[in-house]
Amino acid sequence: MTSFSFYRKLASFLLLIVGSHSVMAQTPPPAPDTDEPELVEFDTSKTRSIAVPALVAPAPADTPAGNSAALGRQIAEVISSDLRASGVFETQGPNGLRAIALPEVTAPQFDYWKGRTVEQLVQGFVRVGGDGNLTVGCYLYDVGFGNETTRLGFNVPPREWRRAAHKCADAIYAKLTGELPFFDSRIAYIAETGPKGKRVKRLAIMDSDGANHRFITNGQSTALTPRFSPNYKSILYLSYVDGNPRIYVYDIDAGRQRLITQSRNPTFAPRWSPDGQTILYSMAVAGNTDIYKISANGNGTPVKLTTSPSIDVGGSFSPDGRQIVFESDRSGSQQIYVMNADGSNQRRISFGSGRYATPEWSPRADLIAYTRIAGDFRVGTMRPDGSGERLLTDSWQDEAPTWAPNGRVIQFFRTAKGSGKTSIWQVDLTGSNERQLPTPVDGSDPAWGPVLP
Amino acid sequence: MKTNTIKMAAILLASTALVAGCGKKKVEQLPPAAEGTDYGQTQTDPNAGAGQIVPGSQEDFLQQVGQFGDRILFETDRFNVDAEDQATLQRQAQWLARYPNTRIIVEGHADERGTRDYNLALGERRANSAKNYLTSIGVDASRIETVSYGKERPSALGSDEQAWAQNRRAVTVTVQ
């Protein structure tokens, strides 16, 4: 049996007995915006040096995903890449680092690593079991203290070796930063090709690091604004497949889709509730767009949540499912509003200069990300009461933020002036460590799913 | 059957929008000819000679309503039909009165300087504004479908005020 949960329990147990030593940053970072210093608990300006030599394959054996010795190196590469991309760590290896012998995995040569100015050391092994599955062991050491900080074991089918690497990187990230993990997660987005006047837009999915990329639709009809269901079994998205914009639920395993509601009216801007039981969407009736919700099982009756004669659109549930943040131009321009999940108590929360759009509630509940339009389009965050506004990006057109499952990193897409070319970027909550996500073609409308179980 | 027709129309009007291009309030040039579109299959008599326009066809509509008479333009975030737009829609209604069996789709569009979902809603508003005016001057509502493309199908490709002004539009396309 593949059992992440078993190993997770084991890992938690090991964390309990082993992980007494915390290396979290002890001092809060200098906050660029002094009225909200508590937003950032880890110090991204002080990177930590981590070495990740190739994992040892004690008895190299072939698997459908390649020889386990090669996998040991590839897993180290993914761990190293994840940690480096988080912006919190400087990583070494596996390239440029010497091979590790099996006994070293549990008894590191700390003096050697000290000589390489390494603060943290990740070592491990890959073993092919009798059932053909891989057992991946992952150990984190504090080189300065000369002790083991945490260890984890993962049992995965060979084809899922990257998930073991992400789980290992997640455990290290969580241990060293005190934040929740986020690497072992997936992203749905829209892959774009073709000239500006005739863009081909396809639904696509990939791992959080861009690996395991897969196109879902063939591009014959325009696809927009996907959202993974919390269990990753289906994707909500907009398609023009019948000539009109309508939201479908696409079942990933079955490869089939259905309309979320039988209506001749256009439906768009879909979102899941955190428990996956409810779908939030916008629908235009005789030109007037309002926000609705409907049961995700396909049998429910739509419930209309807004009634203003202006455009009420979008919407994102708070993590407890009790509130919804949405946008409306009822004041005369796009602004952000919050309401209870039944539509009651609608109130405006954005009062800064410019227009505010695409609000997205953080999975940690503490912040709402949005697009601010004031000349250029920039991604920012504010507290659910509208205070503490902070802009994170500065470009011609950055749009549609989506949260990493740990609420510490935000993805969005950037449109180039003139060419209209799009790309997916991410930035952390301090506005630093901005980087482009690798995609095979242009990308827009990213939607980050939760951490995989 | 109905769905098929609409779908085909949607495909047709996508190419129409592309080819027609360059619409704005102060017209400077004619739209390019509909070369490369598949009008031939559905809209013109295959035996008709080149340049011969079949009455009641999309080409006929475009010719009769005048330069860029198939579309009305809007200010940023607005969807009101002004006097100039009314004159344009009245010409469309006159043509529609001559071909009472012809149905139309009004496409609503927005410029690229808006967020995606809001632009879809705005495109809906614009298409419905045009539809509402057409019905107010006698076009049967059952003949008019609307579709919003938001910012997905720009007519002018620049990233400047002039291009955006041309893209904030509602375009009437006949269903053949």
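This is a predicted model: local features need pLDDT of at least 70, side-chain atom pairs count only at pLDDT 80 or more; totals for chains, interfaces and linings use all residues.
User: How many residues of chain A are in contact with chain B?

Analyst: 31 residues of chain A are in contact with 23 residues of chain B. Contact here means that the C-beta atoms, placed from the backbone, lie within 7 Å.

User: Which strands of chain A supply that side?

Analyst: Strands S11 (223-228), S15 (267-272), S16 (278-285), S19 (312-317), S23 (355-361) and S27 (398-403) of chain A each supply at least two residues of the side that touches chain B. Strands (E, at least two residues) and helices (H or I, at least four) are DSSP runs, numbered from the N terminus.

User: And by class, what is on that side of chain A?

Analyst: The side of chain A that touches chain B has 11 nonpolar, 14 polar and six charged residues. Ala, Val, Leu, Ile, Met, Phe, Trp, Tyr, Cys and Pro count as nonpolar, Asp, Glu, Lys and Arg as charged, and the others, Gly among them, as polar.

User: Switching to helices. At what angle do H2 and H5 of chain A cross?

Analyst: The axes of H2 (residues 68-85) and H5 (residues 161-177) of chain A cross at roughly 40° and come within 9 Å. Axes are lines fitted to C-alpha atoms, for helices over the stretch in contact, with angles from 0 to 180 degrees between N-to-C directions.

User: What does that make H2(A) relative to H5(A)?

Analyst: That makes H2(A) oblique to H5(A). Angles under 35 degrees count as roughly parallel, over 145 as roughly antiparallel, 65 to 115 as roughly perpendicular and the rest as oblique.

User: Which residues of H2(A) meet H5(A)?

Analyst: Leu71(A), Ile75(A), Val78(A), Ile79(A), Asp82(A) and Leu83(A) do, and the H5(A) residues they meet include Trp161(A), Arg162(A) and Tyr173(A).

User: Now sheets. What is the strand order in the open sheet of chain B?

Analyst: The order is S1-S4-S2-S3 in chain B, four strands with mixed pairing. Strands S1 (71-73) and S3 (144-150) of chain B stand at the edges with a single partner strand each, so one side of each is left without a neighbour in the sheet. Two strands pair if DSSP finds at least two bridges between them.

User: How many bridges join S2(B) to S3(B)?

Analyst: Six bridges join S2 (residues 103-109) of chain B to S3(B), and the two run parallel. Ile104(B) has Ile144(B) in S3(B) as its bridge partner.

User: Which helix lies across those strands?

Analyst: Helix H5 (residues 116-136) of chain B lies across S1, S2, S3 and S4 (169-175) of chain B, running at about 155° to S3(B).

User: And the pairing in the S10-S9-S8-S31 sheet of chain A, parallel or antiparallel?

Analyst: The pairing in that open sheet of chain A is antiparallel. S10 (214-215) and S31 (442-451) of chain A are the edge strands, each pairing on one side only. S8 (residues 185-193) of chain A and S31(A) pair over six bridges, and Ala188(A) has Ala447(A) in S31(A) as its bridge partner.

Note on methods:
Residues are numbered from 1 along each chain as its sequence is written. Chains are lettered from A and ligands numbered from 1 in the order in which they are written. Two residues are in contact if their C-beta atoms, placed from the backbone, lie within 7 Å.
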